[in-house]
Amino acid sequence: MCGIIGYTGAKNSINIILSGLHRLEYRGYDSAGIALCPKNGEKLVVVKTPGKIIDLENSIQKAFTGTENRNYTLGIGHTRWATHGAPTLANAHPHLSRNGQFAIAHNGIIENYEELKARLIKQGYSFVSETDSEVIAHLIEECYEGDLRGAVAATVEKLDGAYGIVVISSKHPDTIVAARKGSPIAVGICDGETIIASDVSAIVNYTKKVIFLNDGDILTATSDNVDITSVKNIPVSREMTHIDWDIHDIEKGGYEHFMLKEIHEQPLALANGIRGRLLENEGTAKLNSMQMDPHHMARIDRIEIAACGTSYHAGMVGKYYFEDFASISTEIQQAAEFRDRNPIIHRDTCLIAISQSGETADTLAAVREAHQKGAIVLGICNVVGSTIARESGRGVYLHAGPEISVASTKAFTSQVSVLAMIAIAFARTRRLSITAGREVIHQLSKLPEIAENVIAQEPVIKKIAEKYAEARDFFYIGRGYMYPAALEGALKLKEISYIHAEGYHAAELKHGPIALLAKNVPVVALVPNVPAKIKTMSNMLECNARHAPVIAIATEGDKDINGLYDDVIRIPPCAEFLSPIPVVIAEQLLAYHIARIRGCPIDQPRNLAKSVTVE
Ligand code: F6R
């Protein structure tokens, strides 16, 4: 969602802040701004604009002439994704306090801002924006008694809601103070400079050594020192995390879009995810970070899975794994629903929270609720050191590398493979025999090659995309393991191409959606060579009868479906439980090429953000 960056050091902060804001662009935003602190205690300088970073760069160029901008070695920047108030100049961050001495940038939502604003107005403060964030700047001014850290701490004590905040002041030209509750803040430790950001992708170009703040932490940073305390000013120590990917991993590497790059990275991402974790001899998976021995695993009698969006679809596949392999009764819920209801959880329930970013607010809330109820919590995250990864306490990382494209691709396939490994580890503490375990592990080891083979179908998929790119509606149908794949295919298409697309269990077609079938409504039928295929084939006939074009995703060499489709994408043969992986890769490529033909902004679809840190 919104992005934050702050810099203090010897260099010109403007360039570093702008480059950090570029790195954060992928999160989605509709305005941007910077605030700079002159060394000599003069007034803070704020430049902001609705629109893109390029517009901000133009405004900065106009605002400064000659060498003047070299004086700014400390500053903060922000990309805003509008929530309270339209994406206007006034609503863009950073926001200044009434006396102009404090500037803040804020991610998150302040729930009690109306009440705070009303009180501040009564005290003579005037507001220039419609945002919830502006109250923070005025509160800091109100609480300031010579100590910036203290003023920020006193301010956050008055706030309800979620925040990641960075604050600078003309009275402290060498200091940035940051605070966090519910919205991530990371600090990069370099020699003689400190970089603070809401996302490590803005830091990793400068340093791999990063500290993540916990909720309730207040950071005071200068160019050569970082100090973390609690709101009550008690020093706290936070571990340093070493980031194991670098800037090339988050650059496009010759691909037109991050999404395409990430689709192509799937063979490698899958290989990285399974590396060292498959124990072929023992017929199980070794996942040390789960911190559960076989006795512990054998005790779990119920699994709850909570996740959102694409991660939720991976979780649906996971439910089938836990039930099919381990016979553990498993529920999957959208994370928001999990927290809004009152889930039945006891100490032998394990909550599995799945989140690529590890920052999704609803999934995090589910983790906290499950902890509160005494459940064992496992996090499946991609972003190392993310909040869900840390708060879950135990879990499994995907090791898929950074996912920049808003539309999730490699995270899905990696999540599914990690869920399969976890399910096998559980299943081996129960009835699954070593022979059956070995077979599953053997199948899993073929995943990188399977992914490679699907990607090789890209030219065929591109041709199919050309044929259907003008469609206004799409259906995706499948049964069993293909049902979550149908939901995921439809989600991918709608979010990046803006074509209305719906995923259905194939059997549900007759219960309503069939009314919409017509010659201009393509149906993607997911029919790899698995037992449920026969029944879906009869649904394909129903589509044929209504002249709806059928695009089949089917196994290489399978002739059973001949005559039932208009176009076909072939995937390599694989075990039924792994079929969502090649099928979804084919769907990703179809969605990508359709969106590309339609000229859509694929990496940053309208209204979407990479990580949804608000409820
Ligand atoms: C879709 C997509 C979203 C995310 C969802 C959860 O392509 O990316 O649906 O899957 O917002 O995000 P994470 O996995 O970061 O919790």
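Domain bounds, as used here, come from an automatic or database domain assignment. The structure is a predicted model, in which local features need pLDDT of at least 70 and side-chain atom pairs count only at pLDDT 80 or more, whereas totals for chains, interfaces and linings use all residues. Residues are numbered from 1 along each chain as its sequence is written, and side-chain values use heavy atoms, with hydrogens and water left out.

The assignment divides the protein chain into domain 1 (3-249), domain 2 (252-445) and domain 3 (450-603). The centres of domain 2 and domain 3, taken over C-alpha atoms, are separated by 25 Å. Their contact (heavy atoms within 4.5 Å) takes 33 residues from domain 2 and 27 residues from domain 3. The size of an interface is often given as the accessible area lost when the parts come together. For domain 2 and domain 3, the buried area (the accessible area, with a 1.4 Å probe, that two parts lose on being put together, summed over both) is about 2,700 Å², 69% of it on carbon and sulfur atoms.

One salt bridge (a side-chain nitrogen of Lys or Arg within 4 Å of a carboxyl oxygen of Asp or Glu) is found across this interface. The side chains of glutamate 256 and arginine 596 form a salt bridge at 2.8 Å, N to O. Helices are DSSP runs of H or I with at least four residues, and strands are runs of E with at least two, numbered from the N terminus.

Within domain 3, arginine 479 is found in the loop between β22 (473-478) and α17 (482-497). The side chain of arginine 479 instead makes a polar contact with that of threonine 536 at 3.4 Å. Residues touched by arginine 479, not counting those up to four places away in sequence, include His505, Ala532, Lys535 and Asn539.

Serine 198 lies in the loop between β10 (194-197) and β11 (209-212) and is buried, with a relative accessible area of 5%. The side chain of serine 198 reaches the backbone nitrogen of isoleucine 4 at 2.9 Å.

Note on methods
A polar contact is a pair of N or O atoms within 3.5 Å; within protein, one must be able to donate a hydrogen and the other to accept it, and residues adjacent in sequence count only if both atoms are side-chain atoms. Buried means under 20% relative accessible area, exposed over 50%, partly exposed in between (1.4 Å probe, protein chains only).
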